[in-house]
Amino acid sequence: MMLNGAEDEEKWLAEGIAGVQHNAFYMHRALDSNNLREALKYSAQMLSELRTSKLSPHKYYELYMRAFDELRKLEMFFKDESRHGVSIIDLYELVQHAGNILPRLYLLCTVGSVYIKSKEAPAKDVLKDLVEMCRGIQHPIRGLFLRSYLAQISRDKLPDIGSEYEGDADTVADAVEFVLQNFTEMNKLWVRMQHQGPGRVREKREKERNELRDLVGKNLHVLGQIEGVDLEMYKDNVLPRVLEQVVNCKDELAQYYLMDCIIQVFPDEYHLQTLETLLGACPQLQPTVDIKTVLSQLMDRLSNYAASSTDVLPEFLQVEAFAKLSNAIGKVIEAQVDMPIVGAVSLYVSLLTFTLRVHPDRLDYVDQVLGECVKKLCSAPKLEDTRATKQVVALLSAPLEKYNDIVTALTLSNYPKVMDHLDDGTNKVMAMVIIQSIMKNSTCISTADKVEVLLELIKGLIKDLDGTDQDELDEEDFKEEQNSVARLVHMLYNDDPEEMLKIIYMLRKHIMTGGPKRLPFTVPPLVFSALRLVRRLQSQDGDIAGEEEPATPKKIFQLLSQTIESLSSVPSPELALRLYLQCAEAANDCDLEPVAYEFFTQAFVMYEEEIADSKAQVTAIHLIIGALQRMNVFGVENRDTLTHKATGYSARLLKKPDQCRAVYACSHLFWVDDQDGIKDGERVLLCLKRALRIANAAQQMANVARGSSGPVVLFVEILNKYLYFFEKGNAQVTSSAIQSLIELITTEMQSDPTTPDPAANAFFASTMRYIEFQKKKGGTMGEKFDSIKV
């Protein structure tokens, strides 16, 4: 059926176009021969094709445009009185004798256009006559196109300021009256379309009406372009008349479109000065009208107007724009109880954007908008609609983008309350946006109170929110989130030690709720932040009188010990060991021997009880040796205890090469280059000899296992240690011992030429070149190295 209908319509259109072309042909012949009577006859017959009721608006438009083009030529003929020999006044009377009303009115409008140009009668009289005459067509589609034609031919002939048709009798008020009258009649015709035809085709009819809306809207565009419409006339006459028509038509489509037109075509300053009138119409519209979009567009236009120049901002204050808009939005949301949550939030986003542009200094306004949004969100369950969620994110992001300073946002009491309404996933996204804003602007959060508010805002990243399934977390996303939190910790800083300690306590309270997956990411930055404070307090010791939580190194070290201990339950023993060693070094710098010793004890306990993997043990023992070597706070007894432990653990590693390397590394524990450093040559030599024995054992084991001697690289490494201590002046390390070791390595390399080790050979050759270099150096060092034969 639909297909047949479309085919029929195409056929009717084709017939209509053929009729227009046929009569246009004879009209052209009449025009060429200057035959007025024949021209009027065939033009009327041509225009009779527009009397059809069978075409949809889209097809009717095609037919209308064919006729419109022909009328342009007819108008040119009417203008030239020498061709037809009839005065314009007589011609105006003559065309009214056409048999049918529709062709008669098209011809009347065409002659009317020429009549106004001739200035033989006031423009206002002709326009008034035409607009009244057009009432004779009440069929919606035919009437709309006729009045559209009237608007088209008259738009450049209105008695406007600066127009050639402006005169004593013709005023701007007459032009406005004409356009408003035409607009009113067109709107009535357009609204009446919805009642035509059976109810079952309502959807199709609404689509057709939508296609015709610009015909009505053009009148408002013309009004907006009339130079003489000043603010006073707009305020007293134009806007009230247009709004009256909008409200009274009681049609959803017309009300939405016309309100949108009003906002788009008239100047921003007019909207600002008539805000109360414009907003007053909103609650009177049909409940189904999408008023939220209309209001959003109005606020966006006013926001852009405010942003265009600072000179206009006093106008906004003068008319109390924020209060009026806020009040109007409240009334609309209250009136439209079925408005979806996304609509309400989008209104608040527009209002907030407006507020941030017009009143950036009024944080109370910003907080008020957020508070109103919270009320609306509280009336609904948890946000499910993704569009609503995006709008809430836009609402929360706006203050961050405007102020480039999270500290400002932290003063808004309703900001966290809005965030609470986001689902867990979006809450995390918003938390990341907040952190990125802090990083981008290098914002320093400097008080414990603000830190607490911030941590509450980003709690979705710091701890598991209720109902979050850990298994659903993407590993890469999780790492990125936690690394962002770790970076954030370093942005929380205050030069005052007391306040900084409060910040650290606040941080610890929140971070410790993070659970085993988060602690390895968040504890290290907390520890280093605390150590930074410790180094600032190195000169202080003992409690400060009158302070509840004195910022002293001892106090902070106690806190750190408890904090790092939590990592052992994660378990993350390697990380805990590294942090214990960092704290030990800080305690060493503060000259706190008992504290440093305690941290080393914790590190050794961690090594013994928690670290079982052989590779992890190797790394850990080298870290311990390196940290211990840098310590200068320990007395003889404590140092001996710790170095004995370190050397003991080194010798008990699983693999012989690992044992060897750890043992020769321990030699540095007995020889520190500092001025007051320990220099125990005998124990250095004992370590090196022990390393040699282990290397020998490793060679023998390799020989048994693979039938060939093992790599000699261990001997070359030990040789380098011998050379190091020889150079440093350790009397126990002699040139003869070095000579013996060189010969041993040479023998080992020659004994198994079938399986050469290129890396070991290159290492050994480089070592030999170094000895040659030291020999040629001359001086005391040259003499020392002379006794070594290479």
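**Entry 1: α28 and α30**

I looked up how α28 sits against helix α30 (residues 573–589): their axes come within 10 Å and cross at roughly 5 degrees. Axes here are lines fitted to C-alpha atoms, for helices over the stretch in contact, with angles from 0 to 180 degrees between N-to-C directions. That makes α28 roughly parallel to α30 (angles under 35 degrees count as roughly parallel). From α28, the contact uses Pro 520, Val 523, Pro 524, Val 527, Phe 528, Leu 531, Val 534 and Arg 535. From α30 come Leu 575, Leu 579, Gln 582, Cys 583, Ala 586 and Asp 589. Contact means heavy atoms within 4.5 Å. I sorted this contact by class and found 11 nonpolar, 1 polar and 2 charged residues. Ala, Val, Leu, Ile, Met, Phe, Trp, Tyr, Cys and Pro count as nonpolar, Asp, Glu, Lys and Arg as charged, and the others, Gly among them, as polar.

**Entry 2: ground rules**

I note that this is a predicted model, where local features need pLDDT of at least 70, side-chain atom pairs count only at pLDDT 80 or more, and totals for chains, interfaces and linings use all residues. Residues are numbered from 1 along each chain as its sequence is written, and side-chain values use heavy atoms, with hydrogens and water left out. Helices are DSSP runs (H or I, at least four residues), numbered from the N terminus.

**Entry 3: α26**

I checked the length of helix α26 (residues 475–489). Its 15 residues should span 21 Å at 1.5 Å a residue, and its end C-alpha atoms are 21 Å apart, which agrees. The expected span is 1.5 Å times one less than the number of residues. Buried residues in α26 include Phe 478, Glu 481 and Leu 488 (buried means under 20% relative accessible area, exposed over 50%, partly exposed in between, with a 1.4 Å probe and protein chains only). The buried residues of α26 pack against several helices, among them α23 (424–440), α27 (497–511) and α28 (519–536).

**Entry 4: the core**

Which residues have the most contacts inside the largest nonpolar core? I found Ile 262, Tyr 415, Ile 434, Phe 557 and Phe 600, in a core of 279 residues. Such a core is a set of buried Ala, Val, Leu, Ile, Met, Phe, Trp, Tyr and Cys residues joined through side-chain atoms within 4.5 Å. Helix α18 (residues 341–358) gives the most to this core, with 12 residues.

**Entry 5: two single residues**

Ser 326 lies in helix α17 (residues 321–335). Ser 326 is buried, at 17% relative accessible area. Glu 81 is in helix α4 (residues 81–84). Glu 81 is partly exposed, at 39% relative accessibility.

How values were computed:
Helix = DSSP H or I, 4+ residues; strand = E, 2+ residues; numbered from the N terminus. Parallel < 35°, antiparallel > 145°, perpendicular 65-115°, else oblique.
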